[in-house]
Amino acid sequence: MGAIWPSSPALAEEMVRSADIATTRCIVELGPGTGVFTKKIAAMLPEGTTFAAIERDVTLAQQVAGMFPTVRVIAGCATEISRHLREASLPTPDTILSGLPWAVFPDALQSRILEEIHATLNPGGTFATFAYYGPHRLKSGRRFSDNLKSVFSSVEKSPIILNNFPPAFIYRCKR
Ligand SMILES: C[S@@+](CC[C@H](N)C(=O)[O-])C[C@H]1O[C@@H](n2cnc3c(N)ncnc32)[C@H](O)[C@@H]1O
């Protein structure tokens, strides 16, 4: 799945908090995997907010859909968020949260997905994703940070979340 270990509930909670979902009309999660973030988002979701998740692995997508019947789970790719939402008659999102394994993506795919996220978000919308503390200083981690800064008008980093293996932090980006 591209992760060292499943994300902790503490990281999931900070992800949802950092994404300011209180006023969001539609939130999209990319790469829900086994549903660690999905569970937190579903629990903290404001009433009336649409929640969709896009997962490339069909088996995991079916599993998450079975676990969270209120979530609109789409078996598809993060390179085509707009198309997937349009085909499912879902609104454009104010918030996108990602559990995607950025470090294993080649540069071109990273850039393509980040451009797609930016193009899909409503103006003023928020994109939140996490990185492991430590590896973020390596070449691939710096490349990801540079890619974020080249696509989004504002990129903030959260304090380190120690209650995760490995410790991680969140990038909060604004369109
Ligand atoms: C590391 S898991 C994330 C699980 C969970 N959110 C967490 O943090 O523990 C990454 C997930 O992203 C999915 N994924 C990878 N590339 C994708 C893509 N291009 N589009 C959608 N999902 C993708 C993988 O199938 C996998 O389920």
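This note goes through the fold of a predicted model, from its overall composition to its sheet and the helices around it.

1. Overall make-up. The protein contains six helices and seven strands, and, read from the N terminus, these elements follow one another as α-β-α-β-α-β-α-β-α-β-α-β-β. The radius of gyration is 15 Å, close to the 16 Å that the globule rule gives for 175 residues, so the protein is as compact as a globular protein of that length.

2. The C-alpha trace spans about 40 × 30 × 30 Å along its principal axes, and 39% of the 175 residues count as buried. Among the contacts with a separation of 6 or more, 69% are between residues 24 or more positions apart.

3. The sheet. Seven strands form an open sheet in the order β3-β2-β1-β4-β5-β7-β6, and the pairing within this sheet is mixed. The edges are taken by β3 (72-75) and β6 (154-157), each of which has a single partner strand, so one side of each is left without a neighbour in the sheet. On average, and with direction ignored, neighbouring strands of this sheet are turned by 20° against each other.

4. The pairing of β2 and β3. Strand β2, which covers residues 50-55, runs parallel to β3 and is joined to β3 by four bridges. Within this part of the sheet, Ala 53 stands opposite Val 73 in β3.

5. Helices on the sheet. Helix α1 (residues 9-18) packs on the sheet, where α1 touches β4 (95-98), β5 (126-132) and β7 (168-174), and the direction of α1 makes about 15° with that of β7. Helix α3 (residues 58-67), by contrast, lies across β2 and β3, and runs at about 170° to β3.

6. The α1 and α2 pair. What describes the way two packed helices meet? The angle between their axes and the distance between the axes. For α1 and helix α2 (residues 36-44), the angle is about 50° and the axes are 9 Å apart.

7. Which residues of α1 and α2 make the contact? From α1 they are Pro 9, Ala 12, Glu 13, Met 15 and Val 16, and from α2 they are Val 36, Phe 37, Lys 40, Ile 41 and Met 44.

Note on methods
Residues are numbered from 1 along each chain as its sequence is written. This is a predicted model: local features need pLDDT of at least 70, side-chain atom pairs count only at pLDDT 80 or more; totals for chains, interfaces and linings use all residues. Helices (H or I, at least four residues) and strands (E, at least two) are DSSP runs, numbered from the N terminus. The radius of gyration is taken over C-alpha atoms; the globule rule is 2.2 Å times the number of residues to the power 0.38. A residue is buried if 20 or more other C-beta atoms lie within 10 Å of its own, exposed if 12 or fewer, and partly exposed in between; C-beta atoms are placed from the backbone. Two residues are in contact if their C-beta atoms, placed from the backbone, lie within 7 Å. Two strands pair if DSSP finds at least two bridges between them. Axes are lines fitted to C-alpha atoms, for helices over the stretch in contact, and angles run from 0 to 180 degrees between N-to-C directions.
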